[in-house]
Amino acid sequence: MDRVIYLLFGMMVLISLISAVGSALYTNSGNSKMWYLRLHDDTDNLFDPEDPMSSGFLQFVRALVLYGYLIPISLYVSIELVKVLQAMLINKDLAMYDETTGKTVEARTSNLNEELGQVEMILSDKTGTLTCNQMEFRKCSIEGISYGGEVTEVDLAASRRMNIDVERYRYSLDGSDSTGRSIEMFDLSTADGSTEKDVLGFHQGSEDTKTGNSRISSSQKETTVKGFNFRDNRLMDKMWIYRSNVSDMIMFFRVMALCHTGIPVEENRGNKLMYEAESPEEVAFLISAQEFGFKFCQRTQSTMVLQELDPSSGLEVKREYKLLNLLEFNSSRKRMSVIISNEDGEIFLLCKGADDVIFDRLADNGRTYQQATVMHLSMYAEDGLRTMVFAYKKVGLPEYERSSLFRKAKATIGPEREELLENASEMIEKELLLLGAVAVEDKLQKGVPECIDKLAQAGLKIWLLTGDKKETAVNIGFACSLLRHDMKQLHLCLRKESPSNQQMKDVKEEILCQLQSYNQLITEEDREGDPFALVVDGKALEVSLSYDVRNQFLSVAMRCDVVICCRVSPKQKALITRTVKEHSGKTVLAIGDGANDVGMIQEADIGVGISGMEGMQAVMASDFSLPQFRFLERLLIVHGHWCYKRISKMILYFVYKNIAFGLTLFYYNIFTGFSGQDLYDDWYMVMFNVLLTSLPVISLGVLEQDVSSDVCLKFPALYQEGQRNICFSWKRIIGWILNGILASIAVFTINIYLLFPSAFDKRGKLSRHRTHRHHNIHMHNLDSKLPDCSHDLPLHMDQPFLDLGQHSRLIGPAPLYWIATLLVLVVSLLPYFTHIVIRRSFFPMDDHIIQEMKYSGTDVRDTPMWLREQEKSKQLTQVGYSARVDAKIRHLKEQLHRKRKSFYLSVTNSPVYKSMMRRDTSTPH
């Protein structure tokens with residue numbers, strides 16, 4: 001806006017110079033010596049007709065004062081008032097009220113309202129911002145069979161689009177259970193989705209009839225247990241004891257109940273224990289084991305007591321296990337193990353950890369379920385769940401006694417202790433037997449995936465900055481639909497731990513090599529079909545933000561659809577925010593909930609704090625506070641869009657109004673021989689600026705809505721008008737300036753030349769009174785009053801102005817006055833309406849089309865058109881729930897196509913089919 005003011009100031013100086021030069025030339029000419037002007041008789045010390053140069057300079061100063069109306073000083077006051085009222089409306093929006101916490105959105109400043117509609121990048125924290133930091137046990141894979149039948153919202157949406165049951169369909173395609181194996185024997189060459197559904201439903205129903213169970217438990221049996229969100233009747237209610245190979249299932253549940261650092265803290269209602277542990281995942285495992293019949297009861301320094309279900313008798317028995325060693329989890333090991341001995345003296349090693357680490361330590365005879373487990377892990381990760389693999393081995397007493405390094409490590413103090421423990425762990429944590437995998441969900445806040453989907457459709461890029469490890473961040477990326485399974489993930493990390501004596505130069509070269517390869521990959525790939533996600537490790541990020549690597553890193557990051565930064569410190573969050581803002585030049589919004597996010601919030605153009613469970617530090621440092629992340633959708637897409645368009649229209653209106661009003665003074669100054677004569681009465685000018693033009697536009701700035709809030713949310717692509725700055729571009733500004741110039745010319749010239757003869761009576765003499773013609777020119781609430789004055793006004797400066805009553809009696813009965821008013825109105829508005837007609841007819845914008853559909857009823861009569869406009873919002877989106885559903889549908893169709901092809905080849909290559917074909921060929925017709 002400041003540049004617009006500079007432009008108007010330049011125009012004012014220019015026309016003031018023209019007035020000064022014109023005054024000097026007019027004074028130096030013979031016209032100034034006309035007898036009736038009596039310029040030489042005046043005693044005005046500020047005007048000397050004999051010195052044109054000094055008179056011209058004084059006229060320049062006088063013109064600056066006269067044309068000061070070109071500078072919209074009242075605009076600043078009006079904008080501040082409008083922004084305060086806009087902030088009040090944001091605070092009072094009931095759609096952003098959280099009933100759970102009783103909190104609402106709070107605009108802590110009113111200076112950034114219009115920038116809410118121009119955000120292009122969002123930097124978000126994870127824990128407490130996207131998630132609730134509450135772990136829930138969701139699914140597990142035991143003996144190569146997946147349990148926990150609940151599908152995700154992505155699967156349900158895909159099933160509705162494809163008209164099939166995705167849960168049954170998905171399990172039938174992975175070949176991981178009996179349903180899948182039975183489906184492989186059926187001809188899937190049918191092209192009708194409903195037929196597929198009937199076939200899959202039939203086989204699923206036959207299995208349920210055979211086992212007497214359903215994959216998903218009935219709703220009446222569902223109970224809410226904090227940390228346990230598992231639904232599968234094949235395992236619940238002690239039904240797992242009837243499964244095959246119960247011994248492996250028992251060992252699976254023992255790993256869940258014994259391999260941890262937790263302790264029971266209290267007994268809840270229903271004879272259920274509550275637990276505390278080093279991580280929320282362990283608490284979820286302990287609660288889940290308790291639900292499956294393996295209750296961890298007591299822990300001492302050397303023993304662990306477990307109340308477990310005996311499958312032979314169906315009764316719960318208490319067993320005490322001796323804790324021999326605890327091999328703790330750390331970021332380098334990525335696994336945890338306990339060595340225990342049971343009451344019979346048998347020694348077992350129970351291990352859980354990351355899939356790649358556990359799979360590398362499996363024995364040859366322990367990989368029975370590996371292929372199916374890997375498939376299930378991929379499915380769980382796609383659903384956004386955090387996964388962990390369980391394994392065990394039976395340790396012979398001689399083998400354990402040979403591992404004397406454990407006793408030696410325990411007796412060692414100093415840095416050698418960790419090395420000895422690591423060596424001992426490597427010796428014993430091998431030749432493991434795979435049991436299965438578990439999947440827990442870091443529970444997202446309500447509405448997070450839907451919010452991210454709308455923000456992505458609105459054209460915003462989202463970066464996730466978290467202090468968690470890479471695996472956790474990637475899982476959350478899947479859970480909130482930032483990532484999808486067909487998205488190419490570019491991992492920027494140090495390939496191995498750098499030794500202490502390695503030079504920083506070598507590390508930078510390694511990072512630069514990776515960035516160059518990623519940049520080349522993005523350049524070569526077809527971006528329309530291959531979205532990219534950049535996942536950056538904390539140590540690699542520290543190197544990437546250094547001065548000589550920063551540009552290459554940001555070049556790759558800005559071309560990716562999603563960026564996830566892991567193991568990020570609070571200082572790095574602030575540095576990333578500042579670097580991205582300076583490099584991209586885009587409006588950046590940062591959102592977080594804790595004290596570690598304060599630096600990031602303060603560095604961003606717009607800081608948003610979540611008033612969550614981590615205190616109010618982030619809120620106190622923010623510009624806007626939200627009770628939940630999901631309200632960011634309405635704050636930006638609805639209020640941001642409205643505020644941007646309101647402020648833009650308001651500023652352009654003031655520019656237009658001041659030019660149309662101020663240039664009439666310039667034209668009249670030319671008409672009166674550059675005399676510097678006032679055209680309007682001072683009270684008229686005050687009324688014009690305050691009542692007739694300011695109050696209407698303030699109402700527009702507070703209440704104007706191009707489309708309703710529901711339409712904004714249905715068509716998020718409308719938000720991109722603010723990102724591209726369409727409503728306040730220089731093209732639009734110059735257009736309104738030209739419109740104001742045309743309006744001022746129409747107002748002045750039509751009044752002068754149409755009403756000029758009325759200044760004389762029938763005898764050709766001057767009228768008895770100076771006749772002022774007031775014309776209300778309404779153009780977007782612009783009321784412009786222009787009097788009709790004759791060129792000999794200086795002769796009659798001693799006559800007083802007429803009051804409003806006299807004006808009404810003199811000009812009211814004159815038809816010419818009303819004809820002139822109507823003509824001025826039409827001519828002034830004609831350029832604007834011509835532009836609108838041409839623009840909406842031949843070059844319509846998105847909001848023009850939607851307005852026409854909305855208010856003409858086309859959305860009711862022509863549903864396909866309405867849906868087509870909605871789909872246009874999603875066609876360029878690579879991130880979000882909608883894009884993920886589309887990717888899921890493509891994935892399922894590809895799987896079905898492969899199954900059809902495989903089944904066809906297996907049938908045509910079978911001996912039975914070949915013999916039948918030979919028989920048909922040899923049979924005479």
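Beyond its neighbours within four places in sequence, L626 is in contact (heavy atoms within 4.5 Å) with V105, I591, V608, G609, I610, S611, F631, L632 and L635. This is a predicted model, where local features need pLDDT of at least 70 and side-chain atom pairs count only at pLDDT 80 or more, while totals for chains, interfaces and linings use all residues. Residues are numbered from 1 along each chain as its sequence is written, and side-chain values use heavy atoms, with hydrogens and water left out.

L626 also belongs to the largest nonpolar core, which has 56 residues. Such a core is a set of buried Ala, Val, Leu, Ile, Met, Phe, Trp, Tyr and Cys residues joined through side-chain atoms within 4.5 Å; buried means under 20% relative accessible area with a 1.4 Å probe, protein chains only. Helix α23 gives the most to this core, with 7 residues. A second, separate core of 48 residues includes V246, A289, M304 and M388.

Now stay with α23, which spans residues 631-671 and holds R634; helices here are DSSP runs of H or I, at least four residues, numbered from the N terminus. R634 is buried, at a relative accessible area of 16%. Leaving out residues up to four places away in sequence, R634 touches D93, A95, M96, H639, S709 and L713.

Further along, K657, F661 and L665 of α23 meet M685, F688 and N689 of α24.

Key:
Helix = DSSP H or I, 4+ residues; strand = E, 2+ residues; numbered from the N terminus. Buried < 20%, exposed > 50% of the residue type's maximum accessible area, 1.4 Å probe, protein only.
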